[in-house]
Amino acid sequence: MIKARHTYTGHLVASLYSGYKLDQAFQSVNLSVEPADSQLPVLLVANHFCWWDGFIQYRLNRQYYQCTFHVMMLEEQLKKYPVLNRCGAFSVQKNSRDILNSLNYSTEILQDKKPAPFISSGKNRKPPHTSYLF
């Protein structure tokens, strides 16, 4: 299991890149409900429907929660894109007992009241040029 290694540079790159890409693709990204109490742990569970998932969750965290960001992703993908580790990504291995280590790490994060979005498995691909409403 690869744990998240937050760095200033990693978050700067993630913030600038995701902000630029989201602003190009969407008019706005907003929650349609009131954000949860920031004193409580936040667990965002998303169906991995497109390439934008992580960017959207990163933006929502910065806009509404301002907490240290964490996201669980497949270890093979994290190894392909190691920069994501520097902005909060940690790994999980499918069909492995190592999943228990990832879940224990997630529990530690939540006990520290840090957002830990989980994206369910799916193909990681660029979306078609369509609009999304959240």
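Tyr-105 is buried at 10% relative accessible area, where buried means under 20%, exposed over 50% and partly exposed in between, with a 1.4 Å probe and protein chains only. This is a predicted model, in which local features need pLDDT of at least 70, side-chain atom pairs count only at pLDDT 80 or more, and totals for chains, interfaces and linings use all residues. Residues are numbered from 1 along each chain as its sequence is written, and side-chain values use heavy atoms, leaving out hydrogens and water.

Now for the rings. Phe, Tyr and Trp (by its six-membered ring) pair if their centres lie within 6.5 Å; planes under 30 degrees apart are stacked, over 60 edge-to-face, and the rest tilted. That rule gives three aromatic pairs. One of them joins Tyr-17 to Phe-55, edge-to-face, at 5.6 Å centre to centre with 65° between the planes. Tyr-17 sits in helix 1 (residues 8–25) and Phe-55 in helix 2 (residues 53–65), so the pair ties together parts 38 residues apart in sequence. Helices here are DSSP runs of H or I with at least four residues, strands are E runs of at least two, and both are numbered from the N terminus. Phe-55 is buried at 17%, while Tyr-17 is partly exposed at 40%.

Back to Tyr-105: its ring forms an edge-to-face pair with Phe-90, 4.9 Å centre to centre and 80° between the planes. This links distant parts of the chain, with Phe-90 in strand 3 and Tyr-105 in helix 4 (residues 99–111), 15 residues apart. Phe-90 is buried, at 0% relative accessibility.
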